[in-house]
Amino acid sequence: MRKALTAVLGAGALLLAMLVAVALPASAAAGTLGEAAAATGRVFGAAAAQGHMGESAYASTLDREFNQLTPENEMKWDTTEPSRNSFNFSAADQLVSHAQAHSMKIRGHTLVWHSQLPGWVSGISSRDDLLSAMRNHISKEAGHFAGKIAYWDVVNEAFQDGSGARRDSVFQRVIGDGYIEEAFRAARAADPNAKLCYNDYNIDGQNAKSNAVYAMVQDFKARGVPIDCVGLQAHLTLGNVPSDMQANMQRFAALGVDVHITELDIRMNTPSDSSKLATQANDYKKVVSACLAVSRCTVITVWGITDKYSWVPDTFPGEGAALLFDDNYNKKPAYDAALEALGGEPGDPGDPGDPGDPGDPGTVSCAYTRTAQWSTGFNGQVTVTAGSSAISSWTAVMTMGSGQQIAALWNGSPTTSGNVVTVKPVNWNARLAPGASASFGFTVNASSGNAADPSVTCGGS
Ligand code: XIL
């Protein structure tokens, strides 16, 4: 009797151990930018435009890779308040809903900026009038999105390039130096939970402009003006990542603010070639590594998803290819470099960009079959087959239907993250000679209405 009970308990413990193994969060290296950043306590975002969301590759790349979204133009003053006190948030609302549905943090961009500013604002010449228009804009816009915005770029680009002087905007001319702190106070009142940032370009390294921003943040902190973060836009050119970027971020962090890389892109003279793309990959790696070295650098956002829709060619004629995905949504070497710098695993199955990477799809193929089924579940089997070269290990990535759970898995070692199950070999079926195969099997619990087969991709090394 006692022996039988022990056997039952033993089997139960084994089953429990298998279930626990399946339910544990992924310990395998992450396969997307967002996952890899999340594993370091950060987010990896992209600017996105509502006008492109209907393009399925655009939306699916955004949803797969990024866990933070910045509306590229939809929250700017000329869009949200084109005439005085008449607000239109419809495009921004759609992006916000999309981001929420995909658990992405949202960066509000931007409340006060000299550019993309409607004429009625630039035409105001009385201090009281402009202050009241600015406060109203902030209170209505930040109020509209209150509770949904993780970070607001409250004021954008208020300093001049090449000097520490204030930019000559209508706000500066008509209200004076105090307009920036007035904007931050109004934003805090409208959305007390959003982190409030000052955002600018060419403040990525230490220079006269970033020194001026530094002095402003120091002053705000000393006087209790609400500011939580500084955004370094990081619109960079090939081979020119400032060598003191990390030191610059560190000095801002030491003032007690978070540091965000908000609009990262690294442009080159077009057309691109493999040597420029390799330099760019190294540049992205430098930026990501600098951020990771600073604990208060918590956000990295690229200014667009695909080179196809980047703002660069329109703004800097003859330059482009600045982002992580090419015109056809293929991962560029810079993508792999960024992912690797984040501690993720580049060259995951489906990456056509990098022959020779672990996981290059040329090295293995895989086949899925359903081997049994019943009213509340099914068994599946995946067979991984080496191509013309031997492999020392393989990975299968299974995306499960919603509500499905893997109840057991044998001859493979699974880790689960959301609905994605990454299966690695057990020690005895890792090495495969050319053309040889290994299989693993599993049981899926699925309600009868949701018995879809998983989609499976494989890679080998
Ligand atoms: C750019 C957008 O990407 C373009 O679509 C638009 O035509 C102009 O603005 N710094 C910023 C961003 O803070 O708002 C700018 O975005 C790029 C430079």
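The model is predicted, so to speak of local features a pLDDT of at least 70 is needed, side-chain atom pairs count only at pLDDT 80 or more, and totals for chains, interfaces and linings use all residues. Residues are numbered from 1 along each chain as its sequence is written, and side-chain values use heavy atoms, with hydrogens and water left out.

A polar side-chain atom of Glu72 lies 2.5 Å from a ligand oxygen, a side-chain N or O atom of His109 is 2.6 Å from one, and for the Trp303 side chain the distance is 2.9 Å. On its own the ligand exposes 410 Å², and the protein buries 78% of that (Shrake-Rupley areas, 1.4 Å probe).

The ligand sits in the second largest pocket. A pocket is an open set of points on a 1 Å grid over the protein atoms alone, where a 1.4 Å probe fits, with protein on both sides within 12 Å along at least five of seven lines; sitting in it takes more than half of the molecule's atoms within 2 Å of its grid points.

Now for the backbone. Most residues other than glycine have a negative phi, and most peptide bonds are trans. Helices (H or I, at least four residues) and strands (E, at least two) are DSSP runs, numbered from the N terminus. Another cis bond links Thr270 and Pro271, omega about 0 degrees, with Pro271 in the loop between strand S8 (258-269) and helix H12 (274-292). Asn85, not a glycine, has a positive phi of about 60 degrees and lies in the loop between helices H4 (77-80) and H5 (90-101).

Finally, the hairpins. Strands S11 (364-374) and S12 (377-386) pair antiparallel over 10 bridges (pairing takes at least two DSSP bridges), with 2 residues between them; Thr369 has Gln381 as its bridge partner in S12. S15 (413-417) and S16 (420-424) pair antiparallel over 5 bridges, and Pro414 stands opposite Val423. In that hairpin, with 2 residues between the strands, Gly418 takes a positive phi near 60 degrees.

Notes:
A polar contact is a pair of N or O atoms within 3.5 Å; within protein, one must be able to donate a hydrogen and the other to accept it, and residues adjacent in sequence count only if both atoms are side-chain atoms. On a 1 Å grid over the protein atoms alone, a cavity is a set of points where a 1.4 Å probe fits but cannot get out, and a pocket is an open set with protein on both sides within 12 Å along at least five of seven lines; lining residues have an atom within 4 Å of a point.
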